[in-house]
Amino acid sequence: MVNLHLPFISDTAERPTFSGIIDPTELRVVIFGKTGTGKSSTGNTILGRYEFRSRPSGSSITKVCNLGINTRFGRKIAVVDTPGLYDTEMTNEEITKEIVKCIGMTAPGPHAILLTIRVGRFTREEQNTVKHFVDHFGIGMYNYLTVVFTGADFLEDDNLDFREYVNDCPPPLQAILKLCDHRYIPLTIDFRVKTKSNKLRI
């Protein structure tokens with residue numbers, strides 16, 4: 001298990017509030033998830049610019065951890081984009097070793113950990129992705145976890161309510177949401193990486 005240098009607490013009833021762990025002038029974020037769930041695009045959206053290479057692909061575009069930094073809304077934001085698990089070209093062991101390096105990039109540790117999940121069927125691989133990181137980083141990881149549902153525009157296209165979609169999620173995903181105090185957010189991602197003016201399309 002990796003020591004994240006964070007005040008991780010195994011008892012979810014004793015977890016700290018976000019206001020108590022986030023420095024008012026800086027926010028350090030790590031994004032992880034299964035390959036193809038939009039990690040890089042999520043990072044670009046948070047930073048407000050094209051920082052991480054992103055496009056639809058059957059294998060992970062991100063092979064090593066990448067750090068992007070920008071100042072938005074008066075706060076310095078540092079985002080670490082990580083390789084996706086279950087990549088077709090890298091083993092999970094190789095990917096895990098690379099992701100462990102990302103902890104050093106957010107020293108003394110991340111304020112927030114984002115798990116990207118594509119709207120649609122919650123697969124066994126995605127369930128195992130969460131278990132994989134909890135095994136390495138500890139149950140306290142849930143204290144800082146927020147689930148980002150990417151591709152939320154598909155629900156809008158089908159006139160589906162997002163809250164109803166979350167309420168109807170399968171039990172394994174419901175369990176993850178419960179452990180992270182139901183911190184989740186829908187995100188519409190445009191995989192067209194940039195416009196002619198080199199600005200991120202959101």
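The model is predicted: local features need pLDDT of at least 70, side-chain atom pairs count only at pLDDT 80 or more, and totals for chains, interfaces and linings use all residues. Residues are numbered from 1 along each chain as its sequence is written, and side-chain values use heavy atoms, with hydrogens and water left out.

Start with strand 1, residues 26-33. Strands (E, at least two residues) and helices (H or I, at least four) are DSSP runs, numbered from the N terminus. Seven of the eight residues in strand 1 are buried. Buried means under 20% relative accessible area, exposed means over 50%, and partly exposed lies in between (1.4 Å probe, protein chains only).

Strand 1 has partners. Two strands pair if DSSP finds at least two bridges between them. Strand 1 pairs with strand 3 (residues 75-81) in the parallel sense, over six bridges. Here V30 is bridged to V80. Strand 1 also pairs with strand 4 (residues 112-118), again parallel, over five bridges. There I31 has L114 as its bridge partner.

Now look at helix 4, residues 124-137. Its 14 residues reach 20 Å from first C-alpha to last, close to the 20 Å expected. The expected span is 1.5 Å times one less than the number of residues. Its buried residues include V130, F133 and F137. After helix 4 comes G138, with a positive phi near 95°.

What holds the most contacts inside the largest nonpolar core? L115, L145, V147, F149, Y165 and I176 do, in a core of 28 residues. Such a core is a set of buried Ala, Val, Leu, Ile, Met, Phe, Trp, Tyr and Cys residues joined through side-chain atoms within 4.5 Å. Helix 4 gives the most to this core, with four residues. Another core, of 11 residues, lies apart from it, with L27, V29, I31 and L47 among them. In soluble globular proteins, nonpolar side chains tend to be buried together.

Last, the backbone angles. Most residues other than glycine have a negative phi. F73 has a positive phi of about 55° although it is not a glycine. F73 lies in the loop between strand 2 (66-72) and strand 3. F73 counts as exposed because its relative accessibility is 78%. H182 also has a positive phi, near 55°. H182 sits in the loop between helix 7 (171-179) and strand 6 (184-187). With a relative accessible area of 45%, H182 is partly exposed.
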